[in-house]
Amino acid sequence: MQRMQRRFSWISLIAILTLALAACGGGTTAQPTTAPAPTEASAATEAPAPTEAAAATEAPVAMDEVALRWRTRPDNQAEIDVYSQISSEIDAQLDNISLTYEPGGSETSSYQDVLKTELSAGTAPDVFWIPGTDIADFATRGLILDLRDLADADYNDSDFYPGPMFHLTFNPETGMTGETLWGLPRDVSTFALYLNNDLIEQAGAEDPRVLAANGEWTWDKFLETAIAVNNLGGDVKGFGMNAWWANPGLFINSAGGGFFNEDRTACALDSDASVAGMEFASRLYNEFGVAVPYGEDSEPPFLAGNVGMFLNGRWATPGTRASAEFDWDVVDVPIGPGGARSWLFWGAYVVNANTAHPEEAWQLVRALTTAETQSKIAELGANIPSRVSDAAIQAFLTYTPPANNQAFINNLANDPAIEGPLWAGSWPEFDAATGSKFTALLNGDLTLEDYQATVCEEANQAFDQ
Amino acid sequence: MREGSQGEPGSPCDPIKGKPMATTTARKPATTAGAALVIRLGAAWHALLAFGLVAAAWALLQARWVQRDGLRLYVAGLILLGAVASVIALVLLLRRDGRGRAISLGLNYIFGVGSLLSLLGVLGLYISLDEVAASFNRWVWLLLGVLVGFLIGSVGDRFTHAPTTQAAFHRAGGWVMGASAIILLLAMGLIQGVIGLLSGLGNPLALVLLSATVLFGLFFWLMLRPQIAVAFGAGERDAEAVSGFLFIAPNLLGFMLFFAGPLLFSLYLSFTNSDSFTAEFVGLRNYIEIFSLQFAQVPPGQRSGAVLSSGYIELVRLGDFVVGAKDRIFWIALWNTIVYCFWVTMLSVVPALLVATILNSKIPGMQFFRAIYFIPSIAGVVGVAVIWKWLYNSNIGFLNYGINQVLGLFNRLPFVEIAPVQIAWLASQQTALASIIIMAAWQLLGFNTILFLAGLQGIPGEIYEAATIDGASNLQRFRYMTLPLLAPTTFFVVTTTLITTLQVFSEPFVMTPPPGGGPNNSTMTAVLYLYQRGFNRFEQGYAAAVAWVVFLFIFAVTLVQFRLQRRYGDM
């Protein structure tokens, strides 16, 4: 018995050792022409791709090729497929660069959290997308590379919308713009009101698209329409918007207010104009009761045909195309006392500060933001190309439904408020502090007076002292 | 009888086998010339090791390429600790003190394993494991040869009457099994592995690590030799201790590396302003900010901002008095956690006891209901939370739909007209926490029921029979027999439920809009808050401080519970 045990122990030990030896060879799955990651590669390029999808798009790395990993945040499988396809095409175009595309998480909160954790651990991709609000945080922490010195002669900042480029070229040390280059915008987007035309017609309300075309699509008309639809009764609601900063922000902007003071160094949500915007939004919920409760996802009831007007960005288009079984379209955001000021949302491809291959990473960023690449992504319907180009806009207008794509372009041209980072403070802290106040006001847990008195109390702590 | 117990107590023995040594005694350990040389070499090795570790710590502190200051200090501190231990081992070895040998064994073991693991990392073993696993899946069918070999050997067992034939079958089976295993390993890339290993050893770092592994292993082995044990007067208990430590060493190392190490690191982080990229020591600043409270009187009609110092925000107002806090959200989160903990414990323990009492009865179909009640416990929290989130949806959720259907039935009655409700379960500050409490209690109920059921089934039936004969009613038996006899189970159920609920994270994270904790912080819990500070805002030093406060709070609650159990357990 003892002899058997000893023999078994030896056999087990030998098996483990030989398996470990086999592992030292890197397995046999690699192609004959492949080589391990370059020895000088930083940790940023060392880690294996974390997802199956990434593995599926991973290309073999030739001996003289530089391996780059890149990541963006797609909202659905269709976007993952398009980005994977684009990755393969760029891989074929770029000499000596081998690409691995990693789709990031689709949860709003977790994408950046995961990314920062990977940056901290040294396993983040070489190139990744981040929302515009996060540019300052990543840049001031030294997590992303200033690409200005790498920019080619044929590169021009003015090829892209100036709003995003203001922040992407902002130098936090001098406070001047145009001095740095933190990345290039992947796309832009604006808000629009998604309409359930069936409900609006059933309610006997005027067609918002006609009103908008005549310049009569005001807050009053918007409220009238919402009330009319809401009066249909049952589960039907006149209006819906989700609980995040941009939605209440639309009413604040359209009332002539804003989140920050002029130099973005303090909270301006307690200004009379900003409060007027929130007062109108609050009345939708608390006085007229025409909205889906703030804090609940309004998209499912809208797609189920229970909401007349749903405020959202271009990214909601693919889901609406796929799920809405009613007559739908979009219309410009309504005109408030300060105009019809939508947001200009954007996000950018940036380069990991620890990448071992900055020049190749810059080439990849350029390739990901060409007119051709952006056009392919825009065709999906999720966003608008970030390049200032009539051709791009004309192409975008053909990507229907919705029939009234012009609403997005109108909002883009109508002096939108730029989604922007806080160079003099912490955006996540500001967002957390103001978000709870928005919710409290819109749910009727806070009076307008108390809101005005306290909304900037905590929010101002987010700014550098 | 144990092997080692054959010798006299305290007699020196083989440290591995525990057999007594014939020629030595514990009182007068004899040292051979060879043993003396090994001890001197061991002392020299520890001198060299201490020097090397100090140099490594210094180099680490000087290294500009290590960006994470906190981690650098922490690792440098651990290395210096090793250097101090090495110096102590050196001194004690020269004094022939048995503790020196123990420290030497420990150091050589830890650094030997560390060197080996690092070597494997440098050789790329860890990043290749996935490929080996994939390769194994591809070639696993070759293991059928092992099965065939085993069957051939088994056939030989039939030839008990012909030993030569039997041996031939066994040998043939062994060869087939061995050949299959070798073919499998070759297919998986054994040869490439050997080539990879040899080429990897060309890396100077790999050579250094290999040399270190060999040296640590060598000195560990030398210190383990019986002659050395004799020289230090090691007795049977020492031998057993060494063997015991060797057995638990892998687990102990894992505990130190993956639990105690990070725990201590988080304690260190709590005294820094770490954002995970840089860290500066800030002393107690994080803890001071957490606990900073201010009490002030507010004249009627005036806002609290006018009386509170800068940086303080109103936490709660009690009449004319206001309590301000520097970190208001922490206190809200702590209060929410306590409320959540209290109600979930109440709603999942008391009903669980009643349900368990019913399920303990001998009514047909009870097995089925036991399974039904247990199902929510085995479902994942996130999945359950997502489903409940949709149930709670005010517009298209089943809960409001069900309520309105019931109201509709009432509306059929004459003179009754109740308007349909649209309760914003998760969107309203008034109902959000309660909604999450209901969901969590529902999920915990089944598990607690099973625990109570096990406790109930452990109570002897004879006691109930005796009580029945004595005329005790059902209620009296439950009050005076079941409850006291279930006290240990109740204590366990309450303690585990309290600890679980005080750490609540997933439910509010999933059920309320990102980043969780809404509406208006009404579902913000302590762990969710520290997650947000640590990962949304990347204030990991502050988050670590919050984590330690939460830990101490949970520890204190559990301690009080233990004390109460001891005091009232026998009642």
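## Close-up views of the two-chain model

**View 1. Helices H12 and H16 of chain B.** In this predicted model, helix H12 (residues 328-359) of chain B packs against helix H16 (residues 432-457) of chain B at an angle of about 40°, and their axes lie 6 Å apart. Helices here are DSSP runs of H or I with at least four residues, strands are runs of E with at least two, and both are numbered from the N terminus; axes are lines fitted to C-alpha atoms, for helices over the stretch in contact, with angles from 0 to 180 degrees between N-to-C directions. H12(B) and H16(B) are therefore oblique to each other, since angles under 35 degrees count as roughly parallel, over 145 as roughly antiparallel, 65 to 115 as roughly perpendicular and the rest as oblique. By class, the contact of H12(B) with H16(B) consists of 21 nonpolar, five polar and no charged residues (Ala, Val, Leu, Ile, Met, Phe, Trp, Tyr, Cys and Pro count as nonpolar, Asp, Glu, Lys and Arg as charged, and the others, Gly among them, as polar).

Residues are numbered from 1 along each chain as its sequence is written, while chains are lettered from A and ligands numbered from 1 in the order in which they are written. Local features need a pLDDT of at least 70 and side-chain atom pairs count only at pLDDT 80 or more, but totals for chains, interfaces and linings use all residues.

**View 2. Helices H16 and H17 of chain A.** Helix H16 (residues 371-379) of chain A packs with helix H17 (residues 390-397) of chain A at an angle of about 20°, and here the axes are 10 Å apart. That angle makes H16(A) roughly parallel to H17(A), and the crossing of these two helices is right-handed. From H16(A), the residues A:Ala371, A:Gln374, A:Ser375 and A:Ala378 meet A:Ala392, A:Ala395 and A:Phe396 of H17(A) (two residues are in contact if their C-beta atoms, placed from the backbone, lie within 7 Å). The contact of H16(A) with H17(A) holds five nonpolar, two polar and no charged residues.

**View 3. Two cis peptide bonds in a loop of chain A.** The loop between H17 and helix H18 (406-413) of chain A contains A:Pro401, and A:Pro402 is also found in the loop between H17 and H18. A cis peptide bond joins A:Thr400 to A:Pro401, with omega about -10°, and the peptide bond from A:Pro401 to A:Pro402 is cis, with omega near 10°.

**View 4. An open sheet in chain B.** Three strands of chain B form an open sheet in the order S1-S3-S2, with antiparallel pairing (strands pair if DSSP finds at least two bridges between them). Strand S1 (293-297) and strand S2 (313-318) of chain B are the edge strands, each pairing on one side only, and the twist from one strand to the next averages 25°. S2(B) is joined by five bridges to strand S3 (residues 321-325) of chain B, to which it runs antiparallel; B:Leu318 has B:Phe321 in S3(B) as its bridge partner.

**View 5. A positive phi at B:Phe415.** Although B:Phe415 is not a glycine, its phi is positive, at about 65°. This residue, B:Phe415, lies in the loop between helix H15 (398-411) and H16 of chain B.

**View 6. The interface of chains A and B.** In the model, 45 residues of chain A are in contact with 49 residues of chain B. Helices H1 (2-24), H5 (108-121), H13 (299-303), H19 (427-442) and H20 (448-459) of chain A each supply at least two residues of the side of chain A that touches chain B. The largest share of that side, seven residues, comes from H1(A). By class, the side of chain A that touches chain B has 18 nonpolar, 16 polar and 11 charged residues. For the complex, the predictor gives an ipTM of 0.79 and a pTM of 0.78.

Key:
Left-handed = near helix turned anticlockwise from the far one by under 90°.
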